Amino acid sequence: MIIGAASVACSLLFAASASASALEQFKSFAAGTKSAKGEFVQRQVKKADAGGKAKVSTPASGTFEFARPGKFIWTYLKPYEQLLQADGDKLYIYDKDLSQVTVKKLGDALGSSPAAILFGSNDLEKNFTLAEAGTRDGLEWLKATPKAKDTTFDEITIGLRNGVPEAMELRDSFGQTSVLAFKNFQKNPALAANHFKFVMPKGADVINN
């Protein structure tokens, strides 16, 4: 699941005034952050049942690294191990338990996905309609609505503080929301040119999509 499998993924730092709007903060972040690394915690929240209680999944956690455009390593460490890695051309999804690698063409799939916000180019307004979404939990929130009609997610919101994305919420058409929290964010770390080159695990089954 790119940030919830195959279409998520996989937000995230440029110093800006705390009083700046979410849109101003995010544009400064996108312009000033060519690469980053950090940690994440992810939860899936399903819409409330008949009793009015929402279901929240067991938290998943791990690490991320990215370099614009289109290169990233998104690693789930708990409660299970899974790796999503893109080299700018292809996306590799490695399930360690199954010893299986699924290979997909990155291409336009990145365009209107949440991953584009974090790892794509800075031309966000080409694929998303951006709008202020108020203040909540001490964060300034930005709403990004995909312009394409065939995307997995209906709406993406990003919570920023001092120019740094600290949270991301991804709502799909089935009433489920992926909630991500980011921490230990490092802006523009030194990453080798071949850092995002995927090394096929020995003995893994390969599925090309």
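Alanine 144 stands opposite isoleucine 156 in strand 10. This pair belongs to the antiparallel strands 9 and 10 (residues 153–161), joined by five bridges; strands count as paired if DSSP finds at least two bridges between them. Six residues make up the link in the hairpin of strand 9 and strand 10. On strand 8 (residues 128–136), which runs antiparallel to strand 9 (residues 139–146) with seven bridges between the two, alanine 131 is placed opposite lysine 143 of strand 9. The hairpin of strands 8 and 9 has two residues between the strands, and aspartate 137 there takes a positive phi near 55°.

The model is predicted: local features require a pLDDT of at least 70 and side-chain atom pairs a pLDDT of 80 or more, while totals for chains, interfaces and linings use all residues. Residues are numbered from 1 along each chain as its sequence is written, and side-chain values use heavy atoms, without hydrogens or water.

The protein chain contains two helices and 13 strands. The average pLDDT (the predictor's confidence in each residue, from 0 to 100) is 82 for the protein chain, and 84% of the residues score at least 70. Confidence is lowest in helix 2 (residues 114–119), with a mean of 72, and highest in strand 13 (residues 205–208), with 94. Over residues 1–19 the pLDDT stays under 50, and the model has 82 contacts beyond four places in sequence for this stretch. A contact means heavy atoms within 4.5 Å.

Of the 209 residues of the protein chain, 44% count as buried. Buried means under 20% relative accessible area and exposed over 50%, with partly exposed in between (1.4 Å probe, protein chains only). The largest nonpolar core has 35 residues, and those with the most contacts inside it are Phe26, Trp74, Ile117, Ile156, Met168 and Phe182. Such a core is a set of buried Ala, Val, Leu, Ile, Met, Phe, Trp, Tyr and Cys residues joined through side-chain atoms within 4.5 Å. Apart from residues up to four places away in sequence, phenylalanine 26 touches Ile117, Leu124, Leu142, Ile158, Leu160 and Pro165. A second, separate core of 10 residues includes Ala67, Leu83, Val103 and Phe198.

Tryptophan 74 lies in strand 4. With a relative accessible area of 0%, tryptophan 74 is buried. Its C-alpha is 7.6 Å from that of glycine 62, 12 residues away in sequence.

Strand 4 (residues 71–78) pairs with strand 3 (residues 60–67) in the antiparallel sense over seven bridges, and glutamate 65 stands opposite isoleucine 73 of strand 4. Three residues separate strands 3 and 4 in their hairpin, where glycine 70 in the turn has a positive phi of about 75°. The loop between these two strands also holds proline 69, joined to arginine 68 by a cis peptide bond with omega about -5°.

On its other pairing, strand 4 runs antiparallel to strand 5 (residues 82–87) over six bridges, with lysine 71 opposite aspartate 87 in strand 5. Strands 4 and 5 also form a hairpin with three residues between them. Proline 79 is in the loop between strand 4 and strand 5, and a cis peptide bond with omega about 0° joins lysine 78 to proline 79.

Histidine 195 belongs to the loop between strand 12 (176–187) and strand 13. Which residues is histidine 195 in contact with, leaving aside neighbours within four places in sequence? They are Glu65, Ile73 and Gln85. The side chain of histidine 195 makes a polar contact with the side chain of glutamate 65 at 2.9 Å. A polar contact is a pair of N or O atoms within 3.5 Å; within protein, one must be able to donate a hydrogen and the other to accept it, and residues adjacent in sequence count only if both atoms are side-chain atoms. Histidine 195 counts as partly exposed because its relative accessibility is 29%.

Asparagine 188, in the loop between strand 12 and strand 13, has a positive phi of about 50° although it is not a glycine.

Note on methods. Helix = DSSP H or I, 4+ residues; strand = E, 2+ residues; numbered from the N terminus.
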